[in-house]
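Hi,

As promised, here is the model I have been looking through. Please have a look at it first, and then read on for what turned up.

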Amino acid sequence: MTDTTHDHTHDHDHRHGHGHDHDHTPSSGRALLIGLVLTGGFALVELVAGWLSGSLALIGDAGHMVTDSLALGLGALASRLSQRPPSERHSFGFQRAEIVGALVNAGFMLVVVAWIAYEAVQRLIHPVEVQGGMVLVVAAIGLAMNVVVLRVLHGGEQNLNTQGAILHVLGDLLGSVAALASGLVIALTGWFPIDPL
């Protein structure tokens, strides 16, 4: 009687207890998708706010968030592809998809950085009036959003694409801090060149 109970308990633990660790850790693909929705949605908010306030800092941060969204989307796709089993044509499976995804992400980032640098020089030559209060509020929300996305990504399964996405979001978090500082300086002093700087 005791042995039967022990076997039943062992079977129950084997079927239900084994998966507990996996239930609490989202797959890298799921974490990346959650990050994609949050980041992509707020990028639109920042873009509109940047256009309305005249702030290059916000527009630049929105552009950075768009590249984050692309990074997260490509990462999620690469994560899904990398889990596919090997085939006759792809004898090593799709593990290289993660590396290709990380490379494309880096390329997008370089394009955005070059565009922001060009626009910043133009704004320094021809200053534009910026609504510091709006920049301050939107940048603060953006900073909080980036912290949330970082927590989601850190809580997921770690691989090359999630690590790459974390670096993207960390860069964007610094962009939000810069936009926040820009908005604060403009609100307090009215010195507009801080925005492109």
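Let me start with the largest cavity, which is lined by Arg-123, Pro-127, Val-128, Val-130, Phe-192, Pro-193, Asp-195 and Pro-196. Its volume is about 40 Å³, and the structure holds one cavity of 30 Å³ or more. Please keep in mind throughout that this is a predicted model.

Is Arg-123 buried or exposed? Arg-123 counts as buried because its relative accessibility is 16%, below the 20% cut-off. The side chain of Arg-123 comes within 2.8 Å of the backbone oxygen of Gly-54. Setting aside neighbours up to four places away in sequence, the contacts of Arg-123 are Gly-54, Ser-55, Leu-56, Ile-59, Val-128, Asp-195 and Pro-196.

Of its 19 lining residues, Ala-57, Ile-116, Ala-178, Pro-196 and Leu-197 are the closest to the centre. H4, H5 and H7 each give two or more residues to the lining, and H5 has the largest share, with six.

Now for the overall picture. The protein has seven helices and zero strands, so the pattern along the sequence reads α-α-α-α-α-α-α. Buried residues account for 37% of the 197 residues. Of the contacts between residues at least 6 apart in sequence, 77% join residues at least 24 apart.

Then there is the packing inside. In soluble globular proteins, nonpolar side chains tend to be buried together. Here the largest nonpolar core has 13 residues, and those that touch the most other members are Phe-42, Leu-58, Met-65, Val-138 and Ala-179. The elements that give two or more residues to this core are H3 (28-53), H4 (56-82), H6 (132-155) and H7 (160-189). Which helix gives the most to this core? That is H6, with four residues. A second, separate core of 11 residues includes Ala-76, Leu-150, Leu-153 and Ala-165.

An α-helix has 3.6 residues a turn, so residues three or four places apart point the same way.

Finally, Glu-157 sits in the loop between H6 and H7. Glu-157 counts as partly exposed because its relative accessible area is 38%. Where does Glu-157 lie in relation to Arg-30? The two are 127 residues apart in sequence, while their C-alpha atoms are 9.2 Å apart in space.

Happy browsing, and do write back with any thoughts.

Best wishes

Notes:
Residues are numbered from 1 along each chain as its sequence is written. This is a predicted model: local features need pLDDT of at least 70, side-chain atom pairs count only at pLDDT 80 or more; totals for chains, interfaces and linings use all residues. Side-chain values use heavy atoms; hydrogens and water are left out. Buried means under 20% relative accessible area, exposed over 50%, partly exposed in between (1.4 Å probe, protein chains only). A polar contact is a pair of N or O atoms within 3.5 Å; within protein, one must be able to donate a hydrogen and the other to accept it, and residues adjacent in sequence count only if both atoms are side-chain atoms. Contact means heavy atoms within 4.5 Å. A nonpolar core is a set of buried Ala, Val, Leu, Ile, Met, Phe, Trp, Tyr and Cys residues joined through side-chain atoms within 4.5 Å. On a 1 Å grid over the protein atoms alone, a cavity is a set of points where a 1.4 Å probe fits but cannot get out, and a pocket is an open set with protein on both sides within 12 Å along at least five of seven lines; lining residues have an atom within 4 Å of a point. Grid points are joined across faces, edges and corners, and a volume is the space filled by probe spheres set on the points.
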